[in-house]
Structure formats: structure tokens, C-alpha cells
Amino acid sequence: MSVHSLLGYALTVPDIEPGRRFYEDFGLSGTARGNALALRCGDDTRDTVTLEAGKGRRLRHVTFGASAASLQALKKNIESRGGKLLDPPSSEPGAAIAVRDPDNNLIVVRETARANILDRRKAVIATEAAKYTRAGGNRGCPPRNMTVKPWRLGHVLFFTPDVDRQIAFYSDVLGMKLSDRSGPVIAFLRVAGGSDHHVLAFAKSDRPGFHHASFEVGGIDHVGFGAASLLGKGYRNGWGFGRHVIGSNYFHYIRDPWGSLAEYFFDIDYIADDASWQAKDWPLEDSLYLWGPNVPEDFVQNFDAER
Ligand SMILES: [Fe+2]
């Protein structure tokens, strides 16, 4: 009994247009939905990022998928902990569950089939590799007009004043698993039953906030080229190019128009067998990276206002 996937998130932003430009330059495709903007990655069959105009930038909700069989058990979990089931937001019609976590983040759960990430990942990597193959005497360097389009949302990281309280809620109520942590400072959670190393992470702050969303691309070149293209368009560097220790993925983070981050990632660890995985408490120096540029001072700064 667990949510089985991260489906998307919605943000309130002061002005949608800079957000549309940023996410489209990042490689997503936008469509107007009334007053809101919906954005999808290449393989998405539903809206993944939603931007709605409002006062200030803040998380509106985060959406998970679950099987029909899990939904009743999830509702029971929520109610047995004194949680209140709410009406789903208008941008998530037909969602089965809406509930607030201990930080007052709105969690939405909807019924979906579990996607086979490993098969899709393999296909994307093969397709991208075939475009830039040396076979037939081609040069290995991709062309300057290479396009970078993330094929899926991988994970989100939120700030929280209490990392342990969030681990307890997402494990006990939504059935997620702790993959790794670094003391009380940062923790990485996955969905049960086969998952990327993390689909949700929490970093300690004095208040809740949105740190980053991370999107998967089809190769290392895509991480580097995507980030270089955004920097060339005048966006501010977040941090990268580098490789994480926890999760093992290559990364490059770019600042979005509101101070939070969007990450390109490639080659993240996949945990197929929950029983054999040992969550580890890592020293703080390992919580950020194996190699890459020095960590910018503002990398873990919470730009969200007090709610
Ligand atoms: Fe990340």
C-alpha cells in the first residue's frame, strides 16, 4: 500500500508569462488552461507542472499516483491519523484524495497505472544515443542545434522546518520509503515497489518552501547542453555540472524566475528491491556531490516567504 509515482506539482506565481518562457526554454511544452498554464514533458500523458497566477510564489499542491486498490488503504491511513480529507483542487478534477501534510503542503493522490520507468528510460537512452552515434563514420560530438527535451519529472525537493516529521508522514501515511539521509538536514524518499532513488526530498529550513524540481534527460550531453543553452539565454546558474553521491545522478541546476531551481538529471540510482536496500545516514559533505564546481552559497537558501 503506497503511492506508486510522482505525477506533478502546481505553483502559484506572481506572473505566469516569465514562468512559461522559462519552462519552455527548459524544454517543456505549455498549454493555456483557463487562467492557468499547464506544462508537459515529452512523454507526459497528463499535465505535469501547473502555474497559476497569485500573490507571491508558493507550492499549491503536489500530485502522486496510486492504484485503485491502494486508495482505500491510503484514505484509512489519513483518517486514522486524524487527517482531514479535502476536496481536490480545480486543476486536479477527479482526484481521489487531497490532504495536507504537517507543513500544510497540499497533497493530491489520483488513480493511475504505474508507469514502467525502466523500460521507458532504456528506450529514451537508445533513441538519443542513436541520434549522435559514431556509427557510419560520424563524429561523436552532437550538433550545435541539438534539442534538449526532458522526458519526465523525476523528483521534487521541499524545504521543511522538521525533516523527521515529514519522513514520518510520507512513510506512515503515503507508504513511501526512506532511501538515504544526512542527519536532520536532508532526506530522500522513494515510492515502494521499485523506484528512482528519490521522488521526494526534504531539506531543513526555518520554514516550508519549494527548493527544486528535477527533470530527466536522455544523456550526459543533454544535461550539459541544456544548461549551457539556458545560461546563453541569460538565465542564472544554480549549480552544476556535477555528480551527486546520494542518488548518483549527474546534475545541473538553473534558477527559475522566482529563485527556486529546475534540475536536469541523468543516470539516477534505481531501487528495485525494497527489502535489500539499506538506508544510510551520510556525512554532510556527501549529501551534496562527488564532483563539480563548489556549492554556491545560496544553493540551499529558501526563497519562499513565510506562509
Ligand atoms: Fe535533485
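Is histidine 212 buried or exposed? Histidine 212 counts as buried, with a relative accessibility of 3%; buried denotes under 20% relative accessible area, exposed over 50%, and partly exposed in between (1.4 Å probe, protein chains only).

## Basis of the model

The model is predicted: local features need pLDDT of at least 70, side-chain atom pairs count only at pLDDT 80 or more, and totals for chains, interfaces and linings use all residues. Residues are numbered from 1 along each chain as its sequence is written, and side-chain values use heavy atoms, with hydrogens and water left out.

## Iron site

His155 (NE2), His212 (NE2) and Glu263 (OE) are the protein donors of the iron ion, at 2.0 to 2.2 Å from it. Donors are N, O and S atoms within 2.8 Å of the metal (3.2 Å for Na, K and Ca); water is not among the atoms, so sites may look incomplete. Along the chain, the donors follow the spacing H-x56-H-x50-E. Histidine 155 belongs to strand S8 and histidine 212 to strand S13, so the pair ties together parts 57 residues apart in sequence. Strands (E, at least two residues) are DSSP runs, numbered from the N terminus. Histidine 155 is also buried, at 2% relative accessibility.

## Second largest pocket

The second largest pocket holds about 290 Å³ of space. A pocket is an open set of points on a 1 Å grid over the protein atoms alone, where a 1.4 Å probe fits, with protein on both sides within 12 Å along at least five of seven lines; lining residues have an atom within 4 Å of a point. Points are joined across faces, edges and corners, and a volume is the space filled by probe spheres set on them.

S8, S10, S12 and S13 each supply at least two lining residues.

Technical notes. Helix = DSSP H or I, 4+ residues; strand = E, 2+ residues; numbered from the N terminus.
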